[in-house]
Amino acid sequence: MIATSRNALVHLHHSARRVFSLRASLLSVVLLVPQPARALSPDARVKPAAENTLVRDADAPTQTPTQTPTPTPTRTRTPTPTPTPTPTQTQTPTRTPTQTPTHTPTPTHTPTPNADATDPRQADPTPSPTPSRPDVSAEARACDASASGSTELSEALASLRRLHDLDSREFARVRLDGLLRVSAANLWPLLGHAADEPLSLDEATILLARVLSTGLFAKLEVDSQSTADGLVLVLRVREHAWLRSVHLRGLEESDPKSLLNALLSDRPALETRALDDERPRRRRSRRHREDDDAPIVTCRTIDPPRAWTAGFVDDQVVPGLVWHGLADAVERVLRDLHDDGYVLARLTATMSAEGDLELELDEGHLESLEVRGLHPRLAREVEETLAFRAGEVFTTDRLARRLDRVEETLPFIDSSVWPRSSVPTPRFVEQVAPDGSRKIAPALDVQTPAQKAGDPGWTSDKKDKPKDAKKADARDDDDEVHVVRFGHFDEDRRDRGRWDDDWTLRFDDDFDFDDHGPRVHHRSRRRRGSIEVEGRGHVVLWLRAEHADFSQQDERLLRHTPVTGFAPGLAATLTLWDPADRVHLMLDGDLAWNSRRHNFATAPDATFFERAGSQESIDWLIGARVRIPALRIAELGVQLFALTDTADSWRLAPIDSYLWSALINRPDAEYFRRTGVTAMLTFHLLDSLVLGGEVRVAREWGLNPPGKVWTLWNRDESPLAPAPVTDGEFGTVLARLEWSTNPTAFYKTGKLFRAPERSLVEREDPLEEGFTTNTTFEIGTPFLTGGTGARWTRLLSDNEFTARVMYGLLLHLRARVAVTHDAPLQKQEGLGGFGALRGYDFKEFRGDDSLLGTVELRGRHFGAFVDVGSVHQDAGWIDPKAGVGAALYFGEITRLEAAWRLDTQAHALPDVRLLFGWDF
């Protein structure tokens with residue numbers, strides 16, 4: 001109860017204080033006691049008329065306003081806002097350009113009175129209420145704190161403090177000297193101050209910050225003068241250059257309009273911000289809650305009317321002052337070139353006294369390219385693959401595309417890292433001659449006072465900071481040198497056409513500025529490697545070689561067969577790369593658990609192959625292979641294995657066989673047990689030819705299906721008949737030839753599981769146009785098994801041709817020929833089923849030899865096909881069997897196929913399969 005009473009008393013006390021405060025405020029309004037305002041109005045802005053913002057005579061030596069000055073609003077301490085007087089005269093001139101730009105249409109803008117009225121960022125003519133004096137002090141502190149990021153402002157404030165230390169009186173008024181193009185009558189209301197009003201040190205601090213934030217002046221000097229009326233604050237300014245026309249020279253590939261947009265880009269949305277009166281989000285303690293009404297004060301920036309500054313609108317140059325100076329504008333052009341990937345780009349600019357700007361551009365011609373970070377032997381190979389020529393225009397876009405080619409041929413090269421800093425960006429210097437002409441060039445080309453003293457003025461570290469900030473930012477009144485720096489570049493993958501060497505826009509000063517919204521350029525950035533530039537055109541490319549790579553076959557996790565049930569496993573290859581690209585080692589491994597198979601005992605005198613094969617619950621494979629690039633040996637190695645294998649892997653992709661085995665008990669593959677060893681040697685020649693040989697010694701026998709194997713559908717069917725297999729040990733010598741009209745990568749040749757019916761080359765795009773053949777010749781010989789086994793031969797050739805017949809339509813042809821002689825049953829041919837005569841039952845036609853042809857027409861989402869095949873049996877070749885079908889594609893390889901047979905057993909309902917892999 002005591003606590004509740006105490007809280008009630010505190011609440012009553014605060015309420016009484018608010019009531020008395022409100023009564024005092026109302027009383028001050030009723031009494032209307034005017035007092036001279038001391039605070040600088042943060043939002044008192046008068047929008048100047050378009051015709052009267054600048055002096056249009058380019059030769060006018062002094063400020064000559066063309067409109068009656070706007071009366072200065074009277075400021076009081078009362079919170080009531082004072083209305084802004086309107087201009088006494090409004091002129092509506094009719095101005096047309098007197099010159100026509102090259103490559104651009106003649107402008108058709110017609111000025112209207114108060115041209116800035118359509119600018120959403122222009123000041124509202126109604127002034128905001130004058131803030132209280134504490135707000136001025138807070139804003140002054142904010143401006144003083146922000147001076148650390150601006151050398152000009154920090155120097156001006158230092159001069160102001162020195163003047164105040166010498167004479168601590170308040171300034172009676174302000175005098176602004178040096179205006180040529182800018183009208184003082186319109187500038188003072190924009191700054192929120194009148195020239196004849198007194199101001200304190202805090203108000204002078206805010207005024208200096210606002211003058212420099214306009215971006216209209218290249219130089220600001222602060223001085224004072226003692227007069228009979230009091231102490232006068234003298235601000236001497238020098239306006240930025242007046243731009244009338246732009247002439248670009250040296251362009252070969254860049255877009256001139258993009259560069260002009262960068263040169264005269266619209267200013268960012270720097271609104272003349274009012275004081276932020278939002279309360280802090282942090283919860284304050286109870287005893288400090290009275291301070292929550294205090295506003296958050298920032299040092300505001302002034303965004304001058306766009307009609308005062310030069311711009312590029314509708315492919316036209318709009319004359320005006322160069323916002324934030326020529327050095328800053330030229331910096332944006334070079335940055336735009338760097339953003340587009342022209343990292344060797346260089347430029348200089350000269351401007352006549354009349355305002356004609358000429359930009360001399362060099363997009364960057366390569367002198368030499370050096371690869372570092374790799375073994376010298378490998379670096380030379382990468383340089384040859386990149387194939388950059390001396391004198392070629394160098395861009396990071398070209399480099400990225402050629403690095404893709406490097407990664408295809410040398411997959412262990414990692415070009416996605418940035419081990420070192422990027423290309424250092426120079427600082428720009430603006431030098432004004434006595435005749436009024438200007439030169440803008442990188443600091444290394446124009447000698448600054450700091451460089452004359454022996455300071456290079458810039459470093460190439462990540463932040464690009466000058467070694468001596470005071471020296472780098474020094475200003476020499478005699479030389480009138482101005483230094484501007486800019487940041488790093490990013491890459492933009494964008495193709496460009498060629499342009500003329502000269503591209504000119506020229507207008508006279510009477511062109512009217514038609515306001516348009518800000519232009520924001522979005523660029524996609526992709527980092528590829530790290531580059532450094534040494535000298536003028538020597539590029540250093542830093543790359544890194546990986547030491548290991550691990551690749552696995554995910555489809556083995558879903559493995560399901562009618563003889564093993566679910567048999568999940570893991571098959572993977574660990575590649576150990578040699579950074580010198582001499583010998584690369586590949587370690588193969590596979591391990592799977594056959595859930596429906598059981599182990600059985602063997603005789604004491606059983607061979608190694610028999611003992612390993614008796615463990616039917618486990619499939620395993622171990623092996624090692626090496627690659628020797630210098631000898632073009634893609635594989636040289638050996639494998640030991642005990643597998644549940646099939647000779648039907650050419651029909652369906654493994655993932656499709658596993659899925660349909662588990663779903664409907666239709667794997668379209670027959671399995672048997674195989675245990676043995678394989679030695680292989682494969683050559684990759686001429687980037688398109690693969691020659692190889694294998695020696696196999698294996699024991700093979702058939703597997704009866706277990707009593708019950710889980711499937712989603714057809715689970716009540718009787719167990720499948722065992723696959724026809726000839727048991728025994730077989731020694732085999734296999735020769736392989738593969739050729740393609742499309743180059744194939746050396747490092748993509750070779751596979752962990754090696755089937756004679758399938759290619760050893762990994763192809764990314766199965767629908768790539770061209771011709772491909774895979775031919776194997778297999779000989780069974782008893783010599784490898786100690787005189788046991790049979791002698792047999794088998795010739796297999798699978799050929800494909802793909803061509804684009806029209807836009808979005810592909811024609812695919814396939815011809816497969818297989819001829820066997822005395823081959824084991826598991827090596828004999830069979831046609832029927834998806835991937836091998838669609839529309840017919842799986843291996844409906846069996847024989848020693850087979851012929852299969854396919855014609856397929858594929859569109860973007862739909863396709864149609866015709867299959868024709870025949871087999872040779874003891875009685876001879878059977879009549880050709882044909883099947884037709886249609887396909888619905890959901891990507892490059894995922895498709896829904898429906899097939900009908902065309903013989904006497906044809907029926908209306910098709911065989912339908914959803915397939916996720918490519919079968920050839």
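The following exercises, each with a worked solution, concern a predicted model.

Residues are numbered from 1 along each chain as its sequence is written, and side-chain values use heavy atoms, with hydrogens and water left out. Local features need pLDDT of at least 70 and side-chain atom pairs count only at pLDDT 80 or more, while totals for chains, interfaces and linings use all residues.

**Exercise 1. Strand β18**

Determine whether the residues of β18 (residues 538-542) are buried or exposed, and identify the strands that pair with β18.

Step 1. Strands are DSSP runs of E with at least two residues, helices are runs of H or I with at least four, and both are numbered from the N terminus. Buried means under 20% relative accessible area, exposed over 50%, and partly exposed in between, with a 1.4 Å probe and protein chains only.

Step 2. Five of the five residues of β18 are buried, so the strand is largely enclosed by the rest of the structure.

Step 3. In a regular strand the side chains alternate between the two faces of the sheet. In β18, H538, V540 and W542 point one way, and V539 and L541 point the other way.

Step 4. Two strands pair if DSSP finds at least two bridges between them. Strand β11 (residues 368-372) runs parallel to β18 and is joined to it by five bridges; E370 has V540 as its bridge partner. Strand β17 (residues 530-534) pairs with β18 in the antiparallel sense, also over five bridges, and S530 is partnered with W542.

Step 5. Three residues lie between the strands in the hairpin of β17 and β18, where G535 takes a positive phi near 75 degrees.

**Exercise 2. Helix α9**

Compare the span of α9 (residues 396-409) with its expected span, and state what its buried residues pack against.

Step 1. The expected span is 1.5 Å times one less than the number of residues. Helix α9 has 14 residues and reaches 20 Å from first to last C-alpha, close to the 20 Å expected.

Step 2. The buried residues of α9 include L399, L403 and V406.

Step 3. Contact means heavy atoms within 4.5 Å. The buried residues of α9 pack against α8 (376-386), β12 (413-414), β17 and β18.
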